[in-house]
Amino acid sequence: MAITLNINGTQHSIDADGDTPLLWVLRDILGMTGTKFGCGMALCGACTVHVDGAPTRSCITSVDSIGTSDITTIEAIGATPAGAKIQKAWLDREVPQCGYCQSGQIMSASALLASNPRPTDADIEDAMSGNICRCGTYARIREAIKLAAS
Ligand code: FES
Ligand code: FES
């Protein structure tokens, strides 16, 4: 069926079943491969995008549940004030190792900073606990979020 999605400020008309996960549409139909597939079960956070500013697991979000909401992906998060600060801090603190989880980490951190400009350690832990990093970059992620908030 024809579905229109508002992604990064642009309307995209796609042909997909309504129960297709947003992640599949982003990567396989639109070629926006910055958002990663990890577990496919909302357990790792690699697929995190924003839907109306809220961090959302795109692997379990069907395209017919999105309606007219605004989707933001890693490709455009740097154009938002919080996303720009987070990306700068990520570079400054050299956060990534293999990088696989990092787009999801940045999306969750950007949503946190946009809603809470001065997050405490507990706020950071709460917001980031669903984003898994097999390389163990957690300490640098925390440092970078604090830098972005300073
Ligand atoms: S791929 Fe979506 S949470 Fe793991
Ligand atoms: S940087 Fe490798 S999984 Fe996080």
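User: What makes T56 count as buried?

Analyst: This is a predicted model, so the value is computed from predicted coordinates. T56 has a relative accessibility of 16%. Buried means under 20%. The value falls under that cut-off, so T56 counts as buried.

User: Where is T56 found, and what is it in contact with?

Analyst: T56 is found in strand β4. Leaving aside neighbours within four places in sequence, T56 is in contact with C47, T48, V49, V51 and T61.

User: Why is β4 called an edge strand?

Analyst: β4 (54-57) pairs on one side only, and so does β2 (10-15). The open sheet has five strands, in the order β2-β1-β5-β3-β4, with mixed pairing. On average, neighbouring strands are turned by 40 degrees against each other, direction ignored.

User: How do you know that β3 and β4 pair?

Analyst: Two strands pair if there are at least two bridges between them. β3 and β4 have four bridges, in the antiparallel sense. Four meets the cut-off, so they count as a pair. H50 stands opposite P55 in β4.

User: What packs on the sheet?

Analyst: Helix α3 does, touching β3, β4 and β5 (70-72). The direction of α3 makes about 35 degrees with that of β3.

User: Which residues of α1 are buried, and what covers them?

Analyst: L22, L23, V25 and L26 are buried in α1. The cover includes β1 (2-7), β2, β3 and β5. Just after α1, G31 takes a positive phi of about 70 degrees.

User: How many aromatic pairs are there?

Analyst: The count comes to one aromatic pair. Its partners are W24 and F37.

User: Why is the pair of W24 and F37 called edge-to-face?

Analyst: Take the distance, then the angle. The ring centres of W24 and F37 are 5.6 Å apart, and the limit for a pair is 6.5 Å. Their planes stand at 85 degrees. Planes over 60 degrees apart count as edge-to-face, so this pair gets that name.

User: What makes the W24 and F37 pair a tie between parts of the chain?

Analyst: W24 lies in helix α1 (residues 22-29). F37 lies in the loop between α1 and β3 (48-51). The pair therefore ties together parts that are 13 residues apart in sequence.

User: Are W24 and F37 buried, exposed or partly exposed?

Analyst: W24 has 37% relative accessibility, and F37 has 38%. Buried needs under 20%, exposed over 50%. Each value lies in between, so W24 and F37 both count as partly exposed.

User: Why is K85 called partly exposed?

Analyst: K85 has 48% relative accessibility. Exposed means over 50% and buried under 20%. The value lies between those cut-offs, so K85 counts as partly exposed.

User: Where does K85 lie, and what is it in contact with?

Analyst: K85 lies in helix α2. Leaving aside neighbours within four places in sequence, K85 is in contact with L113 and A148. K85 and I145 are 60 residues apart in sequence, yet 8.8 Å apart in space, C-alpha to C-alpha.

User: Which residues have the most contacts inside the largest nonpolar core?

Analyst: I86, W90 and I145 do, in a core of 19 residues. Helices α2 (81-92), α3 (102-115), α4 (121-128) and α5 (138-149) each supply at least two of its residues. Another core, of 14 residues, lies apart from it, with A16, V49, I66 and I71 among its members.

Note on methods. Residues numbered from 1 in each chain as written. Chains lettered and ligands numbered in written order. Predicted model: local features only at pLDDT ≥ 70, side-chain atom pairs only at ≥ 80, totals over all residues. Heavy atoms only, no water. Core = buried A, V, L, I, M, F, W, Y, C linked by side-chain atoms within 4.5 Å. Buried < 20%, exposed > 50% of the residue type's maximum accessible area, 1.4 Å probe, protein only. Phe/Tyr/Trp six-rings, centres within 6.5 Å; stacked < 30°, edge-to-face > 60°. Axes fitted to C-alpha atoms, helices over the stretch in contact; angles between N-to-C directions. Contact = heavy atoms within 4.5 Å.
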